[in-house]
Amino acid sequence: MNHLPEPTPVVRLPDGTYTYADHLPAPLQPTAAPQVVHQHIHQAPPDRTVQRIALGSGIGAGTVAAGVYFGPLLVGTLTAIAANLALLAFLAAVLAWGVVSVVKSIGGPEGQAAAKSIGKARRSRKGK
């Protein structure tokens, strides 16, 4: 007692596709041969000089990929470090200026002498 319908045969169409025989298009006409299209793309290939040099010198594609991935990360890290060092140098200069100014204004004659000796020491270092 099989209640399944009879299987429909599969037919190959002239264009190379397959379909069921009961789904054939009404006007089944032979299709013309495919038209050949010549496409000319005028675009320079991407520059792969670095990859060619790297692969030509014996290192593998993994090393090239690591360079492509970690190169920008290294540049970003070094930039961040340089920015931090510049900020710290600026803060040190401002704090030194502040300490010298406070010592000059509050210290009286001893503060004036200390500020002068610090200034002389700075000038003598610059001259060397």
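**Close-up views of a predicted model**

Buried residues make up 5% of the 128 residues in this protein. The model is predicted.

Figure 1. Along the sequence, the order is β-β-α-α-α. Helix 1 covers residues 49-56. Helix 2 runs over residues 61-106, and helix 3 over residues 108-127. Of the contacts with a separation of 6 or more, 3% are between residues 24 or more positions apart.

**Figure 2. Confidence along the model.** The mean pLDDT of the protein is 75. A score of at least 70 is reached by 63% of the residues. Which helix has the highest confidence, and which the lowest? Helix 2 is highest, at a mean of 88. Helix 1 is lowest, at 62. Where pLDDT is low, the predicted coordinates should not be read in detail.

**Figure 3. A nonpolar patch on the surface.** Nine names make up the view: Leu74, Leu78, Ile81, Leu85, Leu87, Leu88, Phe90, Leu91 and Val94. Together they have about 880 Å² of accessible area. Phe90, one of the patch residues, lies in helix 2. Is Phe90 buried or exposed? Its relative accessibility is 53%, so Phe90 counts as exposed; the cut-off for exposed is over 50%.

**Figure 4. The one aromatic pair in the structure.** The partners are Tyr69 and Phe70. Their ring centres are 4.9 Å apart. The ring planes meet at 85°. Planes over 60 degrees apart count as edge-to-face, so this pair of Tyr69 and Phe70 is edge-to-face. Both values are needed, because a pair of aromatic rings is described by the distance of the centres and the angle of the planes. Tyr69 is exposed, with a relative accessible area of 54%.

**Figure 5. Gly119, a buried residue in helix 3.** Why does Gly119 count as buried? Its relative accessible area is 18%, and buried means under 20%. Val100 is the second residue in this view. Gly119 and Val100 are 19 residues apart along the chain. Their C-alpha atoms are separated by 9.5 Å.

Definitions and conventions
Residues numbered from 1 in each chain as written. Predicted model: local features only at pLDDT ≥ 70, side-chain atom pairs only at ≥ 80, totals over all residues. Heavy atoms only, no water. Patch = residues over 30% accessible without salt bridge, like charges linked within 9 Å, V, L, I, M, F, W, Y side chains within 5 Å. Areas by Shrake-Rupley, 256 points an atom, 1.4 Å probe, with all protein chains shown as cover. Salt bridge = Lys/Arg side-chain N within 4 Å of Asp/Glu carboxyl O. Helix = DSSP H or I, 4+ residues; strand = E, 2+ residues; numbered from the N terminus. Buried < 20%, exposed > 50% of the residue type's maximum accessible area, 1.4 Å probe, protein only. Phe/Tyr/Trp six-rings, centres within 6.5 Å; stacked < 30°, edge-to-face > 60°. Contact = heavy atoms within 4.5 Å. pLDDT = per-residue confidence, 0-100.
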